[in-house]
Every structure is written in C-alpha cells, then in structure tokens.
Amino acid sequence: MAYKLFVLPGDGIGPEVMAEVEKIASFFTQEGSAAFEIEKGLVGGSAYDAHGVAISDADMARADAADAVLLAAVGGPKWDAVPYEVRPEAGLLRLRKDLKLFANLRPAVCYPALADASSLKRELVDGLDLMIVRELTGGVYFGEPKQIIDLGNGQQRAIDTQVYETYEIERIGRIAFELARKRRKKVTSSEKRNVMRTGVLWHQIINRLHDQEFPDVTLEHQLADALGMQLVRAPKQFDVIVTDNLFGDMLSDVAAMLTGSLGMLPSASLGEVDSQTGKRKALYEPVHGSAPDIAGKGIANPIAMIASFGMALRYSFDLGALADRIDNAIAATLAKGLRTADIKGSSTEPTVSTTQMGDAILKELQGAA
Ligand code: NAD
Ligand code: IPM
Ligand code: MN
C-alpha cells in the first residue's frame with residue numbers, strides 16, 4: 001500500500017528544495033523500496049494569492065487525511081502588508097495547532113565533511129550530534145490574550161501571553177526522556193524560571209517526571225539565556241535539549257550554525273499516538289524559512305528538506321533503513337566535496353546549485369555515483 005504524502009512547497013526557496021525531495025520519493029517508488037503517493041497543496045503566501053487565506057480548509061482536510069505532511073517554507077516580503085490573520089506564517093501555525101503537533105524534533109548533526117564550514121572552530125563541532133525537542137503548540141505562540149489594544153490617547157498596548165499547563169510540559173518532557181534513552185541518556189531542560197511563572201512550573205514538572213519515570217536518564221537544567229551561550233561555547237556537552245516554543249525556535253537557529261548552515265537542519269513535528277490506529281499525525285519541515293534573499297536563484301541548499309523527508313521515513317513509516325540510506329547519501333555527497341554556497345566554508349571547490357546537489361544525492365541513492 002502506498003504512503004500518502006501531502007506536499008506543501010510554500011514560498012520562496014520552498015518549491016526549489018521540495019523538487020529535490022519529489023525526485024527521491026519517485027525514485028524509491030520506482031525502485032520498489034516503498035511506494036509514495038504525492039498530493040500537493042498550497043500554504044503561506046502562495047495560498048494567500050490563490051485563496052486569500054494562509055491555508056484553505058480543503059488543504060487542511062487533505063493534511064489531516066495524509067499519512068505525513070511535508071512542508072518546505074512560507075513567507076516573504078511580498079506579503080508584508082497582508083492582514084495579520086492571513087500572513088503566510090499563519091498557515092504553518094494552523095497546521096501545527098489543528099493537527100496537534102506538539103513535539104518538534106530538531107536534530108543538529110555536524111557531518112564530518114562540514115566541520116570546517118561552521119562559524120565555530122572545527123574541534124568544537126566535529127562529531128556534534130544533539131537533539132532539540134521544542135514544544136510546538138503552546139507557550140507565547142498561542143497563549144491568550146494576544147492582541148493590540150488602542151488606549152485612546154495615541155498609545156497602543158500589545159499583549160502576548162505565555163501559557164503552559166502541566167499536561168503540556170509532561171508530554172513534551174516524556175518525548176525528550178524517551179529519545180534520550182535511545183541516545184546518550186542525558187536531557188538538558190531549559191526555561192527562565194528566574195523571571196517566568198511558566199518556567200517555574202516547567203522546572204517542577206520536568207523534575208517530577210524524571211524522578212518518577214526516567215531516573216536512569218541524567219537530567220540537568222540551564223536557564224535559556226545561559227544555554228544559548230553554552231551552545232556556542234561547548235555544544236558537544238548536549239544530548240537532548242527540551243524547551244518551550246519560543247526558546248526552542250531561537251536555540252535551533254543557533255544550533256544550525258554549529259552544523260554549517262541553516263540549510264542543513266531538518267525537523268519533525270509529531271502529534272500523540274492514536275490509541276486506536278497506533279498512528280500519529282506528523283509534519284516534516286526544515287528549520288529554515290523561505291530565504292527571500294536567495295529565492296529564485298537556484299542556489300538554496302536542499303539538504304534540510306531532504307533530511308526532513310528522511311525523518312518522515314523514520315518516524316512516520318518505520319522505514320529506518322531507507323532513512324539511513326538518505327543520511328548516508330548526504331554524507332557521501334558532502335564527503336566528495338559538493339557544496340552549495342551556504343556550506344562553502346573555506347573550500348575552494350566551485351559551488352553547486354540546488355538541483356546539482358539534489359541530483360548528486362539521488363545518484364548516491366541509486367548506487368550510481
Ligand atoms: P530564513 O531561514 O528564510 O533565512 C535566514 C538566512 O539563512 C538567509 O540568509 C537565507 O538565505 C539563509 N538560508 C535559509 N535557508 C537556506 C537554505 N536552504 N540554503 C541556503 N541558505 C539558506 O529566515 P528569515 O530570512 O528570517 O525569514 C524569511 C521568511 O521565512 C520570513 O517570512 C519568515 O517568517 C519565514 N520563515 C518560515 C519558516 C518556515 O516556513 N518553517 C521558518 C523560518 C522563517
Ligand atoms: C520555524 C519558524 C516559524 C516559528 C515561523 C515561520 C512561524 O521560524 O519553524 O522555526 O517561529 O516557529
Ligand atoms: Mn524559526
């Protein structure tokens with residue numbers, strides 16, 4: 001039976017990097033290693049241009065019915081002036097919220113060939129393999145009230161609200177501890193309990209969860225500002241980092257530079273496992289955005305998107321061996337010296353385009369490289 005993929009290329013470099021994943025999915029189908037049926041939809045600015053909304057109800061229903069959703073990126077200056085409710089990013093946030101994708105896994109792995117492409121010294125990042133577990137459906141992204149109030153005296157008041165409840169912290173904590181058990185058995189939990197009530201609750205719940213269910217995993221806590229500093233000082237101290245929606249967003253962009261580029265970081269956004277079907281809703285997306293500065297030039301790095309497809313194989317379809325093949329093909333391509341502009345580092349090799357990088361990875365997969 002074919003796996004149903006709902007593909008949302010989005011805006012900017014989104015369609016450019018998604019095209020490379022589609023080639024790989026068709027190759028796997030043709031090879032017979034797994035069958036994928038691809039249906040495409042619109043999200044972000046492209047959906048706004050077509051339907052006046054950041055994602056249509058029809059595409060939400062398709063996303064809900066799919067075995068997995070692949071999304072590339074949304075946003076761009078073209079839509080700077082559209083109403084806030086229908087800005088491109090609202091499409092992505094609706095997908096996360098309505099599909100209840102509370103757990104965002106953002107692995108940051110430094111491929112050996114790229115240890116010199118990072119802005120940090122080679123010895124700090126060589127061998128790096130950490131996992132940021134970002135809470136994705138709560139916190140200040142969704143807390144109410146969230147509004148701008150006119151105070152009537154020429155002043156306005158803007159309000160965002162950070163809210164977390166016990167169950168939200170428990171379920172994201174559980175994901176982090178379970179992942180750590182299969183890795184190096186260490187979790188670093190991060191909040192700002194020195195200034196935020198949500199941080200106080202976060203710290204307390206994570207401690208309790210650890211003591212009751214995961215005493216075999218080492219738990220440490222770092223305040224989020226200090227953790228940002230530690231990420232660029234000594235990133236290899238981390239195994240799994242668990243944190244809230246906003247801190248996770250910021251810290252994962254920081255972690256991206258440890259791997260060489262934002263164009264390298266994939267992610268998986270997962271919901272609860274359905275007790276009846278045993279399946280979970282999931283969306284796979286790179287950490288990067290639509291990169292308006294390079295969109296349309298054909299130079300974007302497709303690796304984050306391709307590795308996100310790899311995460312779909314691993315987490316949605318239990319095709320770990322196929323996911324390993326993708327990771328190995330990426331590593332082999334990089335080891336041969338192929339570089340898109342963002343990961344050029346000090347390499348003197350000519351840079352390759354998005355398509356050339358995608359084709360080289362595909363060739364590795366075909367065993368024809
Ligand atoms: P960005 O991630 O789009 O770009 C930041 C920098 O990284 C740029 O210099 C860009 O050229 C570079 N970059 C990003 N991805 C790259 C890739 N694959 N290959 C090579 N270089 C890459 O962030 P931004 O510029 O702050 O945001 C642009 C738009 O994207 C905004 O509208 C933002 O809201 C949106 N955004 C969307 C997502 C998403 O869809 N998941 C994520 C982040 C930002
Ligand atoms: C990300 C992005 C999104 C976020 C935006 C585009 C809504 O930055 O996925 O990292 O803030 O979560
Ligand atoms: Mn982000």
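Begin the tour where two domains meet: 16 residues of domain 1 are in contact with 20 residues of domain 2, two residues being in contact if their C-beta atoms, placed from the backbone, lie within 7 Å. On the side of domain 1 that touches domain 2, the elements giving two or more residues are α4 and β4. Strand β4 supplies the largest share of that side, six residues. Helices (H or I, at least four residues) and strands (E, at least two) are DSSP runs, numbered from the N terminus.

The model is a predicted one, in which local features need pLDDT of at least 70, side-chain atom pairs count only at pLDDT 80 or more, and totals for chains, interfaces and linings use all residues. Residues are numbered from 1 along each chain as its sequence is written, while chains are lettered from A and ligands numbered from 1 in the order in which they are written.

**The two domains**

Colour residues 1–108 + 264–369 as domain 1 and residues 129–258 as domain 2; these bounds come from an automatic or database domain assignment. Their centres, taken over C-alpha atoms, are separated by 24 Å. Next, select residues 4–361, which an unreviewed UniProt entry annotates as "domain: Isopropylmalate dehydrogenase-like". This span is 40% helix and 19% strand, and its end C-alpha atoms lie 23 Å apart.

**The sheet**

Display the strands now. Ten of them form an open sheet with mixed pairing, in the order β2-β1-β3-β12-β11-β4-β5-β10-β8-β9; two strands pair if DSSP finds at least two bridges between them. At the edges stand β2 (36–40) and β9 (218–223), each with a single partner strand, so one side of each is left without a neighbour in the sheet. From one strand to the next, the twist averages 25 degrees.

Zoom in on β1 (residues 3–10), which pairs with β2 in the parallel sense over five bridges. Leu5 has Ile38 in β2 as its bridge partner.

**The listed binding-site residues**

Select Arg96, Arg106, Arg134 and Asp225, which UniProt lists for "binding site" in an unreviewed entry. They are spread over 130 residues of sequence and also in space, up to 25.9 Å between C-alpha atoms. UniProt positions are given in the numbering used here, feature names are shortened, and annotations may be inferred rather than shown by experiment.

Is Arg96 buried or exposed? Arg96 counts as buried because 22 C-beta neighbours lie inside 10 Å. The cut-offs are 20 or more other C-beta atoms within 10 Å of a residue's own for buried, 12 or fewer for exposed, and partly exposed in between, with C-beta atoms placed from the backbone. Arg96 is located in helix α4 (residues 88–98). Beyond its neighbours within four places in sequence, its contacts are Leu101, Leu136, Thr137 and Ser269.

Move to Arg106 in strand β4 (residues 103–109). Arg106 is also buried, with 25 other C-beta atoms within 10 Å. Not counting residues up to four places away in sequence, Arg106 touches residues including Arg134, Ser252 and Ser267.

Return to α4, whose buried residues are Pro88, Ala90, Gly91, Leu92, Leu95 and Arg96. Among the elements covering them are α2 (45–51), α3 (57–65) and β3 (68–73).

Technical notes
Axes are lines fitted to C-alpha atoms, for helices over the stretch in contact, and angles run from 0 to 180 degrees between N-to-C directions.
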